[in-house]
Amino acid sequence: MSVLINASTSTGLVQSADTSGEIELQSNGTTALKVNTNEGIQILNCLGVGNATPSTSGAGITFPATQSASSDANTLDDYEEGTWTPIIGGSGGQSGQSYSGQAGYYTKIGRMVYAQCRVALSAKGTITGNVSLKGLPFTADGAIGYGAGVSYWYGLTNWVYVFVAVSGGTTQCEVRGAQSAVSESGSLTTTDIGNSTQFNASIIYFV
Amino acid sequence: MALTERTEIDQIEIVQQWNIQVRQATIIERDGDFVSRTFHRWVLTPDSNISDQEQKVQDIANAAWTPEVRQAYETFKAEQANRLGV
């Protein structure tokens, strides 16, 4: 690697010709990294942390494919986006379901998972126990009952409000709701759903 | 210029003894150079049907799900059911 001082454009380590003290690391005539005491550190494309190979797509921070978990509360140690397949099942099991739509997306930031889904039955098959939304992309931590929202539901019996609660240590949510404005929430069972039941949900939980 | 797409199971993790978290990566390459990667995830438990999983996933599941782990999972499920009032 060449080291040039007071050069303007080259390949290697370049120090600004003025008095700013700016240092640039250049490659093929393009500045990949710039350090300036006033402006901080500027990177052209992606920064790979944890020895990750920086993505060649866009600009941002590339984390290792496998999380290197930090116990420090101020350290962001993971980021991942992807898809998952939601299913409607039962706390005691399920069989024979078919779907007209199943779509799930997630973003994991540190230990927090934000998962969205739309799941619509075309045949409810056999559902045992309480109705559950299953297939979350990561196992929830050991606590129980993270509340999460259902933004849309269709094909239920007389429920005026429906939500889901993530069960700790699992990848499923119990579907709960209320049948009147003054009643306490309860669990939905197989008789409450039909062959065209649909849920759209946004779920936030910790791993 | 040739774009190619391939999928691979690039991560298998065991969480809390019995949960096997599987990540499938779909990788797009142009003339062998990496272009993009997307992920799809699912989690298997001892009561999952794993016959349609890749062999390496089945191997890990069969190794992890010992009779003791299967029993612990059944106990966990029963406790969950009791807490949820099933």
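Reader: How many bridges join β2(B) to strand β3 of chain B?

Author: This is a predicted model, where local features need pLDDT of at least 70, side-chain atom pairs count only at pLDDT 80 or more, and totals for chains, interfaces and linings use all residues. Residues are numbered from 1 along each chain as its sequence is written, chains are lettered from A and ligands numbered from 1 in the order in which they are written, and side-chain values use heavy atoms, with hydrogens and water left out. Strands are DSSP runs (E, at least two residues), numbered from the N terminus, and two strands pair if DSSP finds at least two bridges between them. β2(B) and β3(B), residues 33-44, run antiparallel, and the bridges joining them number 11.

Reader: Which residue of β3(B) stands opposite B:Q24?

Author: B:Q24 lies in β2(B), where B:I9 stands opposite B:Q24. In β3(B), the residue opposite B:Q24 is B:H40.

Reader: Why is strand β2 of chain B largely enclosed?

Author: Buried means under 20% relative accessible area (1.4 Å probe, protein chains only). β2(B), residues 19-30, is largely enclosed by the rest of the structure because its buried residues number nine of the 12.

Reader: Which residue of chain A forms a salt bridge with B:R23?

Author: A salt bridge puts a side-chain nitrogen of Lys or Arg within 4 Å of a carboxyl oxygen of Asp or Glu. The rule finds two across the interface of chain B and chain A. With the closest N and O atoms 2.7 Å apart, the partner of B:R23 is A:E80.

Notes. Buried < 20%, exposed > 50% of the residue type's maximum accessible area, 1.4 Å probe, protein only. Helix = DSSP H or I, 4+ residues; strand = E, 2+ residues; numbered from the N terminus.
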